[in-house]
Number of protein chains: 2
Amino acid sequence: MGFDAKDYLNERKKVVNSALLEYLPPDKPQTKLLESVIYSIYPGGKRLRPVLCLAASELVCGNHDGALPLACAIEMVHTYSMIHDDLPSMDDDDTRRSVPTNHRVFGEAVATLAGDALLTDAFSLLAKKLPQNRVSSELALRAVSLLADAAGSKGMVLGQAFDLEMNLSLPSEEEVLNTYLLKTAKMITASVVGGATVAGAREDELRSLQFYSEKIGVAFQIKDDLLDSHNAADKGGENAQKHTYPSLLGINAAREKVFELTDQAIKNLAVFEKNPNPLKEIALWLSERDE
Amino acid sequence: MGFDAKDYLNERKKVVNSALLEYLPPDKPQTKLLESVIYSIYPGGKRLRPVLCLAASELVCGNHDGALPLACAIEMVHTYSMIHDDLPSMDDDDTRRSVPTNHRVFGEAVATLAGDALLTDAFSLLAKKLPQNRVSSELALRAVSLLADAAGSKGMVLGQAFDLEMNLSLPSEEEVLNTYLLKTAKMITASVVGGATVAGAREDELRSLQFYSEKIGVAFQIKDDLLDSHNAADKGGENAQKHTYPSLLGINAAREKVFELTDQAIKNLAVFEKNPNPLKEIALWLSERDE
């Protein structure tokens, strides 16, 4: 009878994957570039950001139809950021989700271009498909603006630049939290606030959701670090050179911070009367997950 | 009394540069990322694409006010493409416009991110500033769509992927022309058709301008190759390994093609009665330039 966050996430992941299959058909890519794009989009992971986008839309207007193109565009932008982050000049990662990274399969040049293509095509998708899904031009334009701001020079890209710098010196807790806000929470915020926006949310609802998603976004990154440091310890600590919240503040302080942020996030959902509230349950699940 | 294309280009370049200074203030960039962005945006070159955008808008509605944000967004996307094209994994260029390329100054990671930031911020600019310049949300969304399609996986990025492949085999004339259409003409088309779109052009005007700009776009790239091969010959032929239209078809055939395409382009301007027509004069100037 209770609400199962994991079931909900899995169900909505299927919805996201169906929509992606429609927008980015994986069968017989005609060019190496598209092959490289498809390689990184499928099969994908939790599809957390697009699922949050659908959940926020459902919370506001009861369905997620209008939010589907935005959810997929967000996943495309997220995927581009993973491809570029993995490049040798950045984090220089050889594997992601247990398979070789894009540039290890297609080479650096094609991987860079595949990222560029995903980022660009995401905006084409928004501009074309949101109106087809009966989102007004005004709201569609707000979605473009939200996504671009979350991903651009004052959002995720700046966070990635700070992340690279963070390893060159000893950052303060404030600097780490700010980097996490930029590199992770901004895109999670665009997902939640964007999904609510195209659903026609009121300004007070949007403010609450912005606060909620900034908190869960930072908590999500710290939790990721905790899981990574656990896995790295298993593998002999190969990630030890990277400065993270847990490596700088300690495992216990990091765990504490995840619960504190999650608690603050949930309190901000009070404006919504829906019970159970999927966003609350997802926040709790994220803070307790072991994957 | 006659219309001087070079004067027109210089005058409109000043207009573009003023608008860029407003949207991307170069004073005291707060972050290394922004410093890297500013480094590649200023002082800039001819600003050809944004000037074409303004010219097309003027041709349709008599002024370029609505087109200014689009003109600047196009220059940002063009600049991102230059930064990424210059990367070691791509064309591996050390200088551009006689100064060190972005990655030679800021390193590959920051240069990659600066390109990503410019591409993303371009869409934020469109979504925010076009409505402020009294372009309707519908037309602003069409501008987003036009720019994303011109730059994305079926446009410029695909052209760049083909360009990299072109050096691995001996391409046919048709393959070279298709690569030039994608890597160069698509963005020139977005400039011209986009400028006309936000000015409220009719469908028949847009069709004529699309044809015009595809022709001058390909002609522009062949002319660039001719100028490059001339300069490379002066410097001892350092560009000789790259397959281009002139290197494959010969200098004379390339010159011939530039004039043929320019002629076809100009014929398509007949729908516009304005005389002199700046787009006609720019096309002629581009085909005859020596810079």
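Predicted model: local features only at pLDDT ≥ 70, side-chain atom pairs only at ≥ 80, totals over all residues.
Let me begin with one residue, His103(A), which, once its neighbours within four places in sequence are left aside, is in contact with Asp86(A), Leu87(A), Pro88(A), Asp93(A), Glu108(A) and Ala111(A). This histidine is found in helix α5 of chain A, which covers residues 102-106, and His103(A) counts as buried because its relative accessibility is 10%, where the limit for that word is under 20%.

Let me turn now to how the two chains meet. In this model, 40 residues of chain B are in contact with 40 residues of chain A, and the area buried between chain B and chain A comes to about 3400 Å², with carbon and sulfur atoms giving 72% of it. Three residues, Leu113(B), Thr120(B) and Leu141(B), supply 18% of the area that chain B buries against chain A, which is more than any other three residues supply.

As for the polar side of this interface, there are 10 residue pairs in polar contact between chain B and chain A, counting pairs with both residues at pLDDT 80 or more, and there are 2 salt bridges between chain B and chain A. In a salt bridge between the chains, the side chain of Lys128(B) meets that of Asp149(A), at 2.5 Å from N to O. If we ask which elements of chain B give two or more residues to the side that touches chain A, they are α2 (32-41), α4 (68-86), α6 (108-132), α7 (137-151) and α8 (156-166), and the largest share, 14 residues, comes from α6(B). Sorted by class, that side of chain B has 21 nonpolar, 11 polar and 8 charged residues.

How are the two copies arranged? Chain B is superposed on chain A by a rotation of 180 degrees with 0.0 Å of shift along its axis, and the RMSD is 0.0 Å, which is the relation of a two-fold axis. The C-alpha of chain B nearest that axis belongs to Ser137(B), and lies 2.7 Å from it. The same surface serves both copies, in that 100% of the contact residues of chain B recur in chain A.

A second pair, Arg289(B) and Asp224(B), meets at 3.3 Å, N to O, and links distant parts of the chain, 65 residues apart, with Arg289(B) in the segment after α13 (278-288) and Asp224(B) in helix α10 (residues 203-234). Here Arg289(B) is buried, with a relative accessible area of 3%, while Asp224(B), at 24%, counts as partly exposed.

In a further pair, the side chains of Lys257(B) and Glu260(B) form a salt bridge at 3.5 Å, N to O, and both residues lie in helix α12 of chain B, 3 residues apart, or about one turn of the helix.

How values were computed
Residues numbered from 1 in each chain as written. Chains lettered and ligands numbered in written order. Heavy atoms only, no water. Contact = heavy atoms within 4.5 Å. Buried area = accessible area lost by both parts, 1.4 Å probe. Salt bridge = Lys/Arg side-chain N within 4 Å of Asp/Glu carboxyl O. Polar contact = N/O pair within 3.5 Å; in protein donor to acceptor, adjacent residues only side chain to side chain. Helix = DSSP H or I, 4+ residues; strand = E, 2+ residues; numbered from the N terminus. Nonpolar A, V, L, I, M, F, W, Y, C, P; charged D, E, K, R; others polar. Least-squares fit on C-alpha atoms with pLDDT ≥ 70 in both. Buried < 20%, exposed > 50% of the residue type's maximum accessible area, 1.4 Å probe, protein only.
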